[in-house]
Amino acid sequence: MSVGSWLALVGLGAFHGINPAMGWLFAVALGLHRRSRTVVLEALIPIGVGHALAIAVVAVSVVALGAVIDQQAIRLVSGVVLIGWAVYHRLYGSRHRVRFGMRVGMVGLALWSFLMATAHGAGLMLVPFLLSDGSPAGHIAGHHTPSASLPVSLAAIGVHTLATLVVTGVTAVLVYEWIGLAFLRRGWINLDLLWTVALVGTGVFLLFSAKPW
């Protein structure tokens with residue numbers, strides 16, 4: 001992948017990290033409930049694991065499909081799925097929030113993170129990067145094989161997850177130690193709306209990048 005692709009992966013991770021629905025709000029709530037900053041920091045581990053697993057499911061699926069399906073077909077299907085997911089997320093996402101109590105353990109928190117990342121379509125947003133040259137979804141005949149691109153897929157998952165964790169951790173500590181949760185009542189950027197727009201934009205990009213057009 002190009003340098004721009006890696007930077008975009010970092011940017012997506014940062015966007016996930018700053019979104020309260022993706023982890024830092026839960027980490028802060030757990031810390032306040034148990035009155036411990038250590039709990040806030042410990043929560044980052046299962047949050048990162050769950051997020052990485054959600055991304056990995058999509059990456060493995062792209063690798064597997066790339067072995068038997070034409071890359072352009074994957075682009076078309078992925079584009080339609082992303083746009084459909086964006087519409088569903090916008091219309092019904094708030095009705096199907098994943099809820100876990102304050103007594104949740106590390107395994108439960110990892111499951112929560114996995115479900116939240118999946119529900120937001122976090123893994124789907126990485127499809128364009130996985131389909132780029134030298135990616136897991138290349139053609140087998142005369143191009144790239146899934147096994148040859150596995151290191152790239154793992155690196156993409158790692159870079160994206162690390163960016164998410166760093167921003168999640170910094171935000172969680174700042175809110176827990178100094179800012180407090182009251183600012184959320186005064187106003188917050190509608191990140192869900194921005195994410196919906198991003199899903200649609202990525203879906204449209206995949207549709208129009210498929211050839212022939």
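**Notebook: a chain of helices**

I began at Thr202, whose side chain reaches the backbone oxygen of Ala198 at 2.8 Å. I count such a polar contact when a pair of N or O atoms lies within 3.5 Å; within protein, one must be able to donate a hydrogen and the other to accept it, and residues adjacent in sequence count only if both atoms are side-chain atoms.

The model is predicted: local features need pLDDT of at least 70, side-chain atom pairs count only at pLDDT 80 or more, and totals for chains, interfaces and linings use all residues. Residues are numbered from 1 along each chain as its sequence is written, and side-chain values use heavy atoms, with hydrogens and water left out.

**Helix H9**

I placed Thr202 in helix H9, residues 191–209. Helices (H or I, at least four residues) and strands (E, at least two) are DSSP runs, numbered from the N terminus. Is Thr202 buried or exposed? Thr202 is buried, because its relative accessible area is 14%. My cut-offs: buried is under 20% relative accessible area, exposed over 50%, partly exposed in between (1.4 Å probe, protein chains only). Leaving out residues up to four places away in sequence, I found Thr202 touching Leu82, Met125 and Pro128. A contact here means heavy atoms within 4.5 Å.

Leu193 is also found in H9. At a relative accessible area of 36%, Leu193 is partly exposed. I looked up its separation from Arg90: 103 residues in sequence, 7.5 Å in space, C-alpha to C-alpha.

I listed the buried residues of helix H2 (residues 24–34): Trp24, Phe26, Ala27, Val28, Leu30 and Gly31. Arg35 counts as exposed because its relative accessibility is 77%.

**Helix packing**

Two packed helices are described by the angle between their axes and the distance between the axes. I take axes as lines fitted to C-alpha atoms, for helices over the stretch in contact, with angles from 0 to 180 degrees between N-to-C directions.

The axes of H2 and H3 come within 8 Å and cross at roughly 140°. The crossing is right-handed. A crossing is left-handed if the near helix is turned anticlockwise from the far one by less than a right angle, and right-handed if clockwise. Ala27, Val28, Leu30, Gly31 and Arg34 in H2 meet Val39, Val40, Ala43 and Ile47 in H3. I sorted the residues of this contact into 7 nonpolar, 1 polar and 1 charged. Ala, Val, Leu, Ile, Met, Phe, Trp, Tyr, Cys and Pro count as nonpolar, Asp, Glu, Lys and Arg as charged, and the others, Gly among them, as polar.

Next I took H3 (residues 37–66) with H5 (residues 106–119): their axes are 7 Å apart, and the angle is about 40°. H3 is therefore oblique to H5. Angles under 35 degrees count as roughly parallel, over 145 as roughly antiparallel, 65 to 115 as roughly perpendicular and the rest as oblique. H3 and H5 also cross in a right-handed way. From H3, Ala43, Ile47 and Val57 are among the residues in the contact; from H5, Met106, Phe114 and Thr118 are among them. By class I noted 11 nonpolar, 4 polar and 1 charged residues.

**Whole chain**

I counted 9 helices and 0 strands. Buried residues make up 45% of the 213 residues. Of contacts between residues at least 6 apart in sequence, 85% join residues at least 24 apart.
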